[in-house]
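Reader: I have the model open on my screen. Could you walk me through some of its features, one question at a time?

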Amino acid sequence: QVCRIPSQKGGAMPSMSRSVSALVFLVAASGDDAEELKKAYVAPKVDGLHFVETFDGDVWSRWENSEAEKYNGRLAVAPRQQEALVGDLGLQVPEEAKHYGSSVKFQPISVEEQGSFAVQFEAKFEDGLTCGGSYLKLYDSAGQKASAFKDDTRYVIMFGPDRCGQSGKVHFILQHKSPVTGKWEEKHLKDAPAVPSDKQSHLYGVVIQPDNSFQLYIDGEKKVDGNLLTSMQPPVNPPKEIDDPEDSKPADWVDEAKMDDPSASKPDDWDEDQPFKINDPAASMPSGWLEEEEKKIADPSAARPSDWDDEEDGEWEAPVIDNPACKVGCGKWSPPTINNPQYKGKWAAPKINNPAYKGEWSPRQIDNPEYFVDEAPYKIPTIDAVGIDIWTMNKGIIFDNIVVDSDPEKVLAFGEQTFKPRHDIEAQIAKLSMRSEGWLKWLTDKIAENMVAFMVTAIALLCGIMWMICRPGRPAPRSRETGSNESPTRKRSDSPSRTSKDEASSEKTEKDKEKEKEKEKEKSKEGGLGDLSERS
C-alpha cells in the first residue's frame, strides 16, 4: 500500500495549512504593529538636577568597575532586547551567576535643615528575576576613587528590588549612626512592597521629607507612606530601658497558672486499655464469600506460545485475571470497625488554679546606656557616589535613568519625562504580544491541566489522519493538467511483453520471405531472364 499525501484540493490538510498561515499572518502583523509603536530615543533634559545618569555618551569615563577580586562579572552598556525607545542604552547585566560591582562619583549632596532627598531609577528584568538583586547603594566615598567600592563599603541608603524564589521585596534600608556608640546600624523598612513579576521596565523611587516621613514609589504610584521614626526595624531611636542582663529568674518562681487537681483520682470503671475502634459485633460474613479462594488466578484459557523459549524468554507464566468465582468476595473476611462505646482514653486529672502562681517572669528593666533620641533622621549623611553591588542568577537586568536630587518634585517629573513614554509603548506591545500568543498560552494551560486526555486525543487524531491518508483503495491524486485520475505515464502492465514482441517479429520475417517468392514467380511469367544458372 502506497501512502499519497492529499493534494491542496481536498482533505484535512488545507484547513490546517490555512490555520498556520493565519497564525503566521497574525504574528507578523503584530510584529509590524509593534515596530510602528516604537519611537526614536531623545536624550532627556537634565538641567537643574543634582546627578543624572542616562548612560549616554562615554559611560566608562564616568563609571568604574570595582577592583575587588570577588566581582567576576562586568556590566555592559547595551540596548534593550525589545526596544520601545530605539537607540536608548542602559547598564546591562550580560551574564548570569556572577558578582557585579561598579560605581560612579558625583558632587556631594547633603540634606540641610528642613531639606528633602530623593532618588529614582529604572530597572528591567529582560529574562525575568528568579534570584538576584537590582538595587543601588548610595554612599560617601570618603575621598576614595570609584573603583575602591566593594560589598562592605558602608552605604547610607540601599534601595531597589531583590528577589530569590518566592521571597521578593523592594528594599529601603537606611544606615544610621548612633551618637552614643558611634556605630552604624541598618534600619529596614518593615513592610516593603513586592517586586513586579513581569519583564517590562519599572520605575523605583523613594523620597525623604523634612518631617521624617518618606514615600516609596513604583512606576510613579505611591506604594508606601511611612515615617523614619516608626516604620523602620529596628527603630532609629533605641528603647529608653532594656532588660537587665544580670537578672535571672529565681529558682522558686512558679509561672504555671494552672495545676493538676491533687484531690482528683481516676474512677474505678475507667479502662485506659479500651481501643478507640472495635469490630462491629453485628456484622457477619456475606453469603457467597469464599475465604479459601484467591482474588486473582492464572488465566485458565491462556496457552504457552509455540515459539516460547525458556532459555531466552524465561519461564512462561499464564497471565493473571480476576477470579470469576469471587462475585461476592474472596480471601479472609474481616468485619467493619465501629467506634468503641467503652473507649475513654488516657485519664488525666482536671486543672485548677495554681495557688503558688506568681505570674510570667521577666527580667527587671534598667536604663539603656546606649539610649539616644534623634528627632531628625531625615538629615542623612553626605552622599557622593552610587554603586551597584549585586549577585544574580539572571542575566538581562537593565539599569537606566538614575537621578539624585534634593527636590522630590523635580525627580518625579524626570520620571514622567523618561519612564512614562517607554512604559506606555511597552504596555501596548505587551497587549499585541498577548493577542498573538494568547491562544498558545490557553492551549498549553489546558494541556497541562488535562495531560492524559490530551495524549489520548492526540494519538486518536494522528491515527485518524494516517488512516485517511493511507487507507486501501484510495484513488490516486488527480492530474492537474487533465483532471483525470489516470496516471500521466503508462503502467508497465499496459506494455506488450518481450515474448509477444519476439513472436510478432518472427511472424513478420516469414511473411516477407513468401512475398519475395511470389515476386520471383511473377518475373518468370513475364519473360524475364530469370536465373542464368538454371538455364545452363
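Predicted model: local features only at pLDDT ≥ 70, side-chain atom pairs only at ≥ 80, totals over all residues.

Reader: What kind of aromatic pair do Phe121 and Phe159 form?
Author: Their ring centres are 6.1 Å apart, and the angle between the planes is 90 degrees. Planes over 60 degrees apart belong to one class, so Phe121 and Phe159 are edge-to-face.

Reader: How many residues apart in sequence are the parts that this pair ties together?
Author: Phe121 belongs to strand β8 (residues 117–125), while Phe159 belongs to strand β11. The pair therefore ties together parts whose separation in sequence is 38 residues.

Reader: Is Phe159 buried or exposed?
Author: The cut-off for buried is under 20% relative accessible area. Phe159 has a value of 0%, so the residue is buried.

Reader: Which strand pairs with β11 over 8 bridges?
Author: β11 covers residues 155–164, and its partner covers residues 167–177.

Reader: Which residue in β13 is the bridge partner of Ile173?
Author: β12 also pairs with β13 (residues 184–189), in the antiparallel sense over 5 bridges. These two strands form a hairpin with 6 residues between them. Across from Ile173, the bridge partner in β13 is His188.

Technical notes
Residues numbered from 1 in each chain as written. Heavy atoms only, no water. Pairing = 2+ DSSP bridges. Helix = DSSP H or I, 4+ residues; strand = E, 2+ residues; numbered from the N terminus. Phe/Tyr/Trp six-rings, centres within 6.5 Å; stacked < 30°, edge-to-face > 60°. Buried < 20%, exposed > 50% of the residue type's maximum accessible area, 1.4 Å probe, protein only.
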